[in-house]
Amino acid sequence: MSGTLGSAALLVTGAALLSAAAALLATRSALTSLTVLLDMLLAASLLRLVLDPTPVQLAGTALVVVVKRLASAGLRRAAASRTRASS
Amino acid sequence: MTELVSEDFLKSAVELLVRLVESAGAVVIFVGALIAFVRFLDAAVRHRHEPHRFVAVRLGLGRYLALGLEFQLASDVLRTAVAPTLREIGELAAVAAIRTALNYFLGKEIKEEQEQLAAERTDPSSSTPRP
């Protein structure tokens, strides 16, 4: 079962990269693309957490969540300050 | 009673239930990710330059992930029924705590995104501009 889960997680990781690339091409928005990538990577990490996760796997998933929140907040602030500066 | 239901039988039954619940959680997460992937591609092809379409898909994916995490938490709770040593219970507690924290932050993020999406729908000029 762990082999199946590993393959599923790998498949979702590939889907994450493709989705992020598609989002970037369609919207030209780094924030949209990054949030799409991190959401899909979180799904892959959660799949890896099934069946007796190791502390490293747990820390990896927690790291994805932290990076997701920090990157989203940082990019939103940067966009807001750019808008303020241009107006 | 101990003759009717042996400890070994109880352990195997709980182990089976844990595997079933964990598998259900994995299926929910995997199906959610696949649906989101298809919807992301659809949004990219048919609704270009409309970032809010991606936010809606992400909200759907977030709900699937939260549900999958709930299943994983349920399996952690089931495991405590047959965790014999203090060390094993401690490890389970650590895993459950991290999963609960993940679920909490996921729920918070879903709420924030919902509010943002609602604000964009009512007044498109009020949304935070994207880079």
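The model is a predicted one.

## The two chains

Chain B has 131 residues, of which 27% are buried. Of the contacts in chain B with a separation of 6 or more, 74% are between residues 24 or more positions apart.

Chain A likewise has three helices and zero strands, following the pattern α-α-α. Its radius of gyration is 16 Å, well over the 12 Å given by the globule rule for 87 residues, so chain A is more spread out than a compact globule. The C-alpha trace of chain A spans about 55 × 25 × 10 Å along its principal axes. Buried residues account for 39% of the 87 residues in chain A. Among contacts in chain A between residues at least 6 apart in sequence, those joining residues at least 24 apart make up 60%.

A:R28 is not a glycine, yet has a positive phi of about 55°. A:R28 counts as partly exposed because it has 14 C-beta neighbours inside 10 Å, a count between the limits of 12 or fewer for exposed and 20 or more for buried.

The axes of helix 1 and helix 2 of chain A come within 8 Å and cross at roughly 175°. These two helices of chain A are therefore roughly antiparallel to each other. On the helix 1 side, the residues in contact include A:L5, A:A8, A:V12, A:A16, A:A20 and A:L24; on the helix 2 side, they include A:V36, A:L37, A:M40, A:L41, A:A44 and A:L47. By class, the residues of this contact divide into 16 nonpolar, five polar and one charged.

A:A8, in helix 1 of chain A, counts as buried because it has 21 C-beta neighbours inside 10 Å. Leaving aside residues up to four places away in sequence, A:A8 touches A:L47 and B:F30. A:A8 and A:T61 are 53 residues apart in sequence, with 16 Å between their C-alpha atoms.

## Packing between the chains

The contact between the chains takes 36 residues from chain A and 31 residues from chain B. On the side of chain B that touches chain A, helix 1 (7–46), helix 2 and helix 3 (86–122) of chain B each supply at least two residues. Helix 1 of chain B gives the largest share of that side, 12 residues. The residues on this side of chain B comprise 20 nonpolar, seven polar and four charged.

Two packed helices are described by the angle between their axes and the distance between the axes.

| Helix pair | Axis distance | Axis angle |
|---|---|---|
| Helix 1 of chain A and helix 2 of chain A | within 8 Å | roughly 175° |
| Helix 2 of chain A and helix 1 of chain B | 9 Å | about 160° |
| Helix 2 of chain A and helix 2 of chain B | within 10 Å | roughly 15° |

The axes of helix 2 of chain A and helix 2 (residues 51–79) of chain B cross at roughly 15°, which means that these two helices are roughly parallel. Their crossing is left-handed. Among the residues making the contact are A:T32, A:D39, A:L42 and A:L49 of helix 2 of chain A, and B:F54, B:R58, B:L61 and B:L65 of helix 2 of chain B. By class, this contact has 10 nonpolar, five polar and two charged residues.

Conventions: Residues are numbered from 1 along each chain as its sequence is written. Chains are lettered from A and ligands numbered from 1 in the order in which they are written. This is a predicted model: local features need pLDDT of at least 70, side-chain atom pairs count only at pLDDT 80 or more; totals for chains, interfaces and linings use all residues. Two residues are in contact if their C-beta atoms, placed from the backbone, lie within 7 Å. Helices (H or I, at least four residues) and strands (E, at least two) are DSSP runs, numbered from the N terminus. The radius of gyration is taken over C-alpha atoms; the globule rule is 2.2 Å times the number of residues to the power 0.38. Axes are lines fitted to C-alpha atoms, for helices over the stretch in contact, and angles run from 0 to 180 degrees between N-to-C directions. Angles under 35 degrees count as roughly parallel, over 145 as roughly antiparallel, 65 to 115 as roughly perpendicular and the rest as oblique. A crossing is left-handed if the near helix is turned anticlockwise from the far one by less than a right angle, and right-handed if clockwise. Ala, Val, Leu, Ile, Met, Phe, Trp, Tyr, Cys and Pro count as nonpolar, Asp, Glu, Lys and Arg as charged, and the others, Gly among them, as polar.
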